[in-house]
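Thanks for coming, everyone. Please have the sequence and the model open while I talk.

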Amino acid sequence: MLSRMDDPAGDALHRAFDPEVFRRDGHAAVERLADYLRDALDGGSLPVLPWAPPEAALAAWPAEFPERGGTPFAELLERAIAGSIHLHHPRFVGHQVTAPLPHAALAEFAAALLNNGMAVYEMGPAATAMEHAVVRFLCGALGLGGGAGTDPEPGGVLTSGGSLGNLTALLAARRAGAGFDAWRDGAAAGPPLAFLAGADVHYALARAAGIMGLGADGLVRVPLDARRRLAPEQLKPALAVAARAGRRVLGVAANAGSTPVGAFDPLEEIAEFCAREGLWLHVDGAHGAAAALSPKYRGLVAGIERADSVVWDAHKMLLVPALVTAVLFRDARRSWDPFAEDAPYLFPGAVRGEGEAWFDVAHRTLECTKRMMSFELYAVLAGFGPALLGDYVTRCFDLARRFGELLEETPDFELPVAPEANIVCFRYVPLGGDQDLDAVQERVRRRLIEDGSFYLVQTRLDGAVHLRTTLIHPRTSEADLADLLTAIRRAAAA
Ligand SMILES: Cc1ncc(COP(=O)(O)O)c(C=O)c1O
């Protein structure tokens, strides 16, 4: 055996794994992050985004690494904090990514070291059991198919993000309704296929259709009503359009919380239509399925229990770090349908059919190796209970309604749609001005994010640029939002 003296590389490896170094650096990192969290939540002393052009960010992170490293972790952490957008800042009102609970971040930290790669039960017994438990909880919260203990039983899996989750669900729908084996024989082996979807569905749905080989017309857009919800009376004509184009429609993809404005499609009526026409109902609840946890807002997702599949992102409204997405099926057996594989190195036994192992989760996900993502959600649910999440949803949705009222009362702002969830789009319309309003919104947003006072985003509604906010931080207040309007006026005038 080599002594350490003769084996400098082995010695360096030994030191790199030193538990005492980990203990020291880990304590220091948690101390630093706790201070960071305090400052960020307080908001006062930090810009939301320490804006720097991409080239400046590159200069701060050189791609030359000394042969033996040597940069202390504390220094890297400091630089990472200095160059990051601060989601725990109450004036982060941008995209739909939550400020995770510190508790959930601890679970992720532990999961990263344990690194149980899932795929098969043996590679993550606790993570597999936790995944089963949180999936049961989420199905129960939606009342999917009437809840646990019903026949068929609901069930599903966790996967890496809403985009992948939607693809997974649509693959199951294709298997159920195509009438031919598109997986084995290819998408061209039968008639062209399609899904109907509201005009505001996330681009992930169009991508999923593209990946599945359905082509750009494989997602037939259904017009929206005045509240930007899928107009159910337009479903029948859309079905006829698809039929005339020779397409076999597999199902309807509905929104529970659309990305642009947080609109909830009328799920009861869409479920009725799907039942009548024998179509799969998929609900993209990546953002808004969490309404089911709020006693006050549960009604927004009425009908979701009839969905064949639902996607629900925990990193949007369940206070966990990205990415954790549940793909849920009213009939758990459908969750084996999206993928097929022949992998004797991983699954030695038979892989398809009833009674197959629920615990070898990679049968049912695109991922082979998968993070222990269940731990984060389990830690939140076990540590704080579903009521905390329900309160969080209620608070964010309430705040969005009050912001909507404020915008309506304020003559130099326009509110195109009253918010249903915690996403609010609006437009600044300077009084007496005769300006290019799209350019005004773009200029205002750029100034605010570059001076670090707020982080908000923008979108186009019917072609017109709108400012867009997601009120996703538990401490954002009405005063912050009143200040936002003042800051917008000031930025426009500057
Ligand atoms: C409604 C909806 N679906 C899907 C997605 C995509 O989710 P992810 O970013 O987790 O892939 C988003 C993201 O914002 C979304 O709003």
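Let's start with His89. His89 sits in the loop between helix H4 (73-82) and helix H5 (102-114). Helices here are DSSP runs of H or I with at least four residues, strands are E runs of at least two, and both are numbered from the N terminus.

A word on the source. This is a predicted model, where local features need pLDDT of at least 70, side-chain atom pairs count only at pLDDT 80 or more, and totals for chains, interfaces and linings use all residues. Residues are numbered from 1 along each chain as its sequence is written, and side-chain values use heavy atoms, with hydrogens and water left out.

Back to His89. Is His89 buried or exposed? His89 has a relative accessible area of 4%, so it is buried. Buried means under 20%, exposed means over 50%, and partly exposed is in between, with a 1.4 Å probe and protein chains only. What does the side chain of His89 reach? The backbone oxygen of Leu46, at 3.0 Å. That is a polar contact: a pair of N or O atoms within 3.5 Å. Within protein, one atom must be able to donate a hydrogen and the other to accept it, and residues adjacent in sequence count only if both atoms are side-chain atoms.

Another histidine now. His315 is in helix H12. His315 is buried as well, at 5% relative accessibility. Its side chain joins that of Asp313 in a polar contact of 3.2 Å.

Around the ligand are 14 residues, and the closest are Gly162, Ser163, Thr259, Asp284 and His315. To be near, a residue needs a heavy atom within 4 Å. For Gln96, the side-chain distance to a ligand oxygen is 3.1 Å. Gly162 uses its backbone instead: an N or O atom there lies 2.7 Å from a ligand oxygen.

Two or more shell residues come from each of helix H7 (162-177) and helix H12 (314-317). H7 gives the largest share, 3 residues.

Now the aromatics. The whole structure holds 10 aromatic pairs. Rings of Phe, Tyr and Trp (its six-membered ring) pair if their centres lie within 6.5 Å; planes under 30 degrees apart are stacked, over 60 edge-to-face, and the rest tilted. Take Trp183 and Phe339. They are edge-to-face, 6.2 Å centre to centre, with 85° between the planes. Trp183 lies in helix H8 (residues 182-185) and Phe339 in the loop between strand E7 (325-329) and helix H13 (373-384), so the pair ties together parts 156 residues apart in sequence. Trp183 is partly exposed, at 40%. Phe339 is buried, at 6%. Elsewhere, ring pairs link Phe403, Phe413, Phe426 and Tyr428 into a cluster.

Last, the outside. Arg276 lies in helix H11 (residues 267-277). Its relative accessible area is 61%, so Arg276 is exposed. How far is Arg276 from His27 in space? They are 60 Å apart, C-alpha to C-alpha, and 249 residues apart in sequence.
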